[in-house]
Amino acid sequence: MAELHIIDHPLVQHKISLLRDKNTGTKEFRELVSEIAMFICYEATRDLPLKEIELETPLAVAKTKIISGRKLAFIPILRAGLGMIEGVTTLVPAAKIGHIGLFRDPVTKEPVKYYAKMPDDISERDAIIVDPMLATGNSAVAAITELKELGAKHIKFMCIICSPEGVEAVQKAHPDVEIYAGVMDEKLNEDKYIVPGVGDAGDRIFGTK
Ligand SMILES: O=P(O)(O)OC[C@H]1O[C@H](OP(=O)(O)OP(=O)(O)O)[C@H](O)[C@@H]1O
Ligand SMILES: O=c1cc[nH]c(=O)[nH]1
Ligand SMILES: [Mg+2]
């Protein structure tokens with residue numbers, strides 16, 4: 001079973017509290033999602049391999065380390081995952097970006113796929129799927145399945161808020177995929193929204209409600 005990593009750093013927890021506040025407006029919400037994504041990405045990339053090199057500082061030759069041997073791709077689940085892209089690409093500017101378009105059917109809550117476009121070399125890259133919310137887990141499971149079908153071999157899933165149900169669904173369907181989250185909330189409500197949660201992340205990022 002792949003691990004669940006909760007990034008309980010004080011800065012992450014503080015920013016998630018601001019995100020939850022119903023009085024936080026679109027501009028601030030969008031900025032917070034991006035900043036929190038950057039912090040979670042910092043931990044999700046902790047296992048990137050390093051190699052030692054030598055270079056000259058103004059004073060001496062230094063044996064020093066650079067990231068080497070693995071390339072990354074970030075895959076936002078549209079729409080809300082897009083809000084995390086600025087933050088994660090600030091940390092890893094050389095990463096390529098794939099897109100998976102999914103929305104939850106308002107009645108069945110099942111994900112409906114409407115788009116997928118990956119970098120050509122996705123099978124050679126470590127893929128990190130980003131989406132602020134892991135609720136029932138149906139969208140994450142569908143996105144991971146799609147990504148595997150398109151050739152990705154090493155996949156991680158990053159979110160800001162997860163539910164126990166969502167984590168269980170991903171771990172059951174894709175036990176090889178590690179999950180990185182800012183916090184695990186209590187439960188889902190009857191509409192399958194995470195409570196207390198933040199409401200509809202996509203609507204709050206894009207100001208559509
Ligand atoms: O775990 P699940 O129950 O599948 O729910 C989580 C999904 O729901 C939200 O997307 P939504 O369908 O609202 O689409 P949007 O990003 O376009 O708003 C969210 O961003 C996830 O993709
Ligand atoms: O709580 C939830 C659940 C699904 N999608 C969201 O944006 N929020
Ligand atoms: Mg939404």
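1. Where is the place of Asp 131? Asp 131 sits in the loop between S8 and S9. Helices (H or I, at least four residues) and strands (E, at least two) are DSSP runs, numbered from the N terminus.

2. This is a predicted model, in which local features need pLDDT of at least 70, side-chain atom pairs count only at pLDDT 80 or more, and totals for chains, interfaces and linings use all residues. Residues are numbered from 1 along each chain as its sequence is written, while chains are lettered from A and ligands numbered from 1 in the order in which they are written.

3. Asp 131 is buried, with 27 other C-beta atoms within 10 Å. A residue is buried if 20 or more other C-beta atoms lie within 10 Å of its own, with C-beta atoms placed from the backbone. Leaving out residues up to four places away in sequence, Asp 131 touches Ile 77, Ala 80, Gly 81, Ser 139, Ala 140 and Cys 159. Contact here puts the two C-beta atoms, placed from the backbone, within 7 Å. Val 61 is 70 residues from Asp 131 in sequence and 43 Å away in space, C-alpha to C-alpha.

4. A residue is near a molecule if its C-beta atom, placed from the backbone, lies within 6 Å of it.

5. Ligand 2 has Ala 80, Met 133, Ala 135, Tyr 193, Ile 194, Gly 197, Asp 200, Ala 201 and Gly 202 around it.

6. Helix H2 covers residues 26-44. Its 19 residues reach 26 Å from first C-alpha to last, close to the 27 Å expected. The expected span is 1.5 Å times one less than the number of residues. Phe 29, Leu 32, Val 33, Ile 36, Ala 37, Ile 40, Cys 41 and Ala 44 of H2 are buried. The buried residues of H2 pack against H1 (10-20), H3 (85-91), S8 (125-130), S10 (154-162), S11 (178-184) and H6 (201-206).

7. Overall, the protein has six helices and 13 strands. Of its 209 residues, 39% count as buried. The C-alpha atoms fill a box of roughly 65 × 40 × 30 Å along the principal axes.

8. UniProt lists residues 7-208 as "domain: Phosphoribosyltransferase" in an unreviewed entry. Over residues 7-208 the chain is 32% helix and 32% strand.

How values were computed: Buried ≥ 20, exposed ≤ 12 C-beta atoms within 10 Å, placed from the backbone. UniProt positions renumbered as here; feature names shortened; annotations may be inferred.
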